[in-house]
Amino acid sequence: MRQGLGVGAVLPVSLTIGGDLYPPALRPRDQAIFSLIWGVMAIVGPPLAGFLLAEVSWRAVFFVTVIPGATGGFLVWRHYQDPERARSLTRIDAFGAVLLMFAGVLFLLGMQADPMSAAPFWTVTRVATLGVALLLGLLFVRRSKRAAAPLISPELARSRVIRVGCALGLLSGVVYYATMTFLPNGRAGNPPNRAGPCRLDPRHGDRRLDSGHRHRL
C-alpha cells in the first residue's frame, strides 16, 4: 500500500514536470528517455541488488535509491519553478474516481487464487466479486460519458496512438511479469501453476534459497 501511494503521488508529478519543461515538439523525446530508464534499470537493477546483498549488506540497497532520489528532489525543489496557470473552476470527477477505485480493487480480489488449494477456482464468492467489479466498471464508463470533466475522457479511446500505446503496455507488462514470476519458479523445480505462491510465500519455493537469505539477513 505504501508503495502504491508513493508511486501514485510521484509518477504523475514527474510526467507533469516533463510536460512543463519541454514544448510539445520535444515531449516525445523526453518520454522516450524517461521510458528508457525503466528498461535499463530493469536489466541493471537485479544484478546490482544481488551484488550488494551478497557482498555488502541488504541495507546498502536502500542507499542506491535514497541518495539519487534525495538529490533529484533537492534539485527540483531548488531549480524548478512551476509555471503559472489559469485557475480552473472545473472540479475533478470524484464519484468517477471512487467507482474506478472500487472496480479495480474488487477485480484484483476476485482474481486472487491459491494454486496449492484444492478448492475450485470459480466459487460463488469469486463470481459475485468479479460481477460487482464489472458492474462498477460499466458504471464508471457511463459516468465518464456524462461527466463535465471525466477522470478518463472517452475521447482517448478513439485515438489510434492511445490504443496502440495501451496494447504495447499490456504486452510488455505480460512479458515482464510472466518472466519475473515463472523463471525463478521453474528454477526452483516447481510446476508453473505454483508461480504465484512461490513469489508470495517462501514456503512454496526453494527452501535452500530462502534459508540462505535468512542467514544473510
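Reading along the sequence, I get the pattern α-α-α-α-α-α-α-α. That comes to eight helices and zero strands. A reminder to myself: this is a predicted model. I also looked up burial for the chain, and 13% of its 217 residues count as buried. For contacts with a separation of 6 or more, residues 24 or more positions apart account for 45%.

**Entry: helix H4**

I started with the length of H4, residues 94-111. At 1.5 Å a residue, its 18 residues should span 26 Å, and I find the end C-alpha atoms 26 Å apart, so the two agree. Next I asked myself which residues of H4 are buried. They are Gly-96, Leu-99, Ala-103 and Gly-110. These residues cover an arc of only 65° around the axis, so they sit on the same side of H4. I then looked for what covers them, and helix H5 (124-146) is included.

**Entry: Asp-30**

My next stop was Asp-30, which lies in helix H2, residues 27-56. Does Asp-30 have a salt bridge partner, or none, and what is the nearest side chain of opposite charge? I found Asp-30 buried yet without a salt bridge. The nearest side chain of opposite charge is Arg-29, 7.2 Å away; the cut-off for a salt bridge is 4 Å from nitrogen to carboxyl oxygen. Setting aside neighbours within four places in sequence, I see Asp-30 in contact with Gly-18 and Tyr-22.

**Entry: aromatic pairs**

How many aromatic pairs are there? I count two. In one of them, the rings of Trp-58 and Phe-62 have centres 5.9 Å apart and planes at 80°, so I noted this pair as edge-to-face. The cut-off for that label is an angle over 60 degrees. Trp-58 has 33% relative accessibility and therefore counts as partly exposed. Phe-62, at 49%, counts as partly exposed too.

Phe-74 and Trp-77 also form an aromatic pair, and I noted this one as tilted, with 6.0 Å centre to centre and 45° between the planes. Both residues lie in helix H3 (residues 60-79), where they are three residues apart, about one turn of the helix. I checked accessibility here as well: Phe-74 is at 47% and so counts as partly exposed, whereas Trp-77 has a relative accessible area of 66% and is therefore exposed.

Methods
Residues numbered from 1 in each chain as written. Predicted model: local features only at pLDDT ≥ 70, side-chain atom pairs only at ≥ 80, totals over all residues. Heavy atoms only, no water. Helix = DSSP H or I, 4+ residues; strand = E, 2+ residues; numbered from the N terminus. Expected span 1.5 Å × (residues − 1). Buried < 20%, exposed > 50% of the residue type's maximum accessible area, 1.4 Å probe, protein only. Arc of directions from axis to C-beta. Contact = heavy atoms within 4.5 Å. Lys, Arg positive; Asp, Glu negative; His and termini not counted. Phe/Tyr/Trp six-rings, centres within 6.5 Å; stacked < 30°, edge-to-face > 60°.
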